[in-house]
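Visitor: I have a chain to look at, and I would like to know what the labels on it rest on. Could you walk me through them?

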Amino acid sequence: MMANELLLNSKNLLEEHFPGIKFVILKINIEDDSGENFELPFMWDVLKKEGFIIINTEELLGRKFKLNSEDTVIDGYHPSEKFLNQLAPALVKKLNL
């Protein structure tokens, strides 16, 4: 799995310079994903076993990310400041930062 290899290599490089670093992956669930799923069923479990912290934004916010809404910038896809402002306090609390 190319994505897992890239993430693992990135984590290893960061750990060389910053021992004990927390490597967090925010998993954003999209409300209308048209049934497309590009994730392999086991990919998150593999990453967790390698020491990654996987956080599901739906669990943090109690809702899914909505494309073409106030959750997104003008392109209708990338997270907006409003969405990130909702996400940040929940993430800080979850990670005890």
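Guide: Gladly; we will take the labels one at a time. This is a predicted model, in which local features need pLDDT of at least 70, side-chain atom pairs count only at pLDDT 80 or more, and totals for chains, interfaces and linings use all residues. Residues are numbered from 1 along each chain as its sequence is written, and side-chain values use heavy atoms, with hydrogens and water left out.

Visitor: What makes up the fold of the protein chain?

Guide: The protein chain has four helices and two strands, in the order α-β-α-β-α-α along the sequence. Helices (H or I, at least four residues) and strands (E, at least two) are DSSP runs, numbered from the N terminus.

Visitor: Why are Phe65 and Phe83 called an edge-to-face pair?

Guide: Rings of Phe, Tyr and Trp (its six-membered ring) pair if their centres lie within 6.5 Å; planes under 30 degrees apart count as stacked, over 60 as edge-to-face and the rest as tilted. By this rule there are two aromatic pairs. In one of them, Phe23 and Phe52 sit 4.9 Å centre to centre with 75 degrees between the planes, which is edge-to-face. For Phe65 and Phe83, the centres are 4.8 Å apart and the planes at 80 degrees, so that pair is edge-to-face.

Visitor: Which parts of the chain does the pair of Phe65 and Phe83 tie together?

Guide: Phe65 is in the loop between helix H3 (57-61) and helix H4 (81-95), and Phe83 is in helix H4, so the pair ties together parts 18 residues apart in sequence.

Visitor: How do you know whether Phe65 is buried or exposed?

Guide: Buried means under 20% relative accessible area, exposed over 50%, partly exposed in between (1.4 Å probe, protein chains only). Phe65 has a relative accessible area of 3%, so Phe65 is buried. Phe83, at 1%, is therefore buried. Phe23 and Phe52 are both buried.

Visitor: What puts Lys11 over the face of Phe52?

Guide: A charge sits over a ring if NZ of Lys or CZ of Arg is within 6 Å of the ring centre and within 35 degrees of the ring normal. Lys11 lies over the face of Phe52, at 5.7 Å from the ring centre.

Visitor: Is Lys27 called buried or exposed, and why?

Guide: Lys27 has a relative accessible area of 15%, so Lys27 is called buried. Lys27 is placed in strand E1. Leaving aside residues up to four places away in sequence, Lys27 touches Glu39, Trp44, Ile54, Ile55, Asn56 and Thr57, where contact means heavy atoms within 4.5 Å.

Visitor: Why does Met1 count as partly exposed?

Guide: Met1 has 38% relative accessibility, so Met1 counts as partly exposed. Met1 belongs to the segment before H1.

Visitor: What makes Asn68 worth a label?

Guide: Asn68 has a positive phi of about 50 degrees although it is not a glycine. Most residues other than glycine have a negative phi. Asn68 lies in the loop between H3 and H4 and, at 65% relative accessibility, therefore counts as exposed.

Visitor: And what is the phi of Asn96?

Guide: Asn96 has a positive phi of about 55 degrees, again without being a glycine. Asn96 sits in the segment after H4; its relative accessible area is 68%, so Asn96 is exposed.
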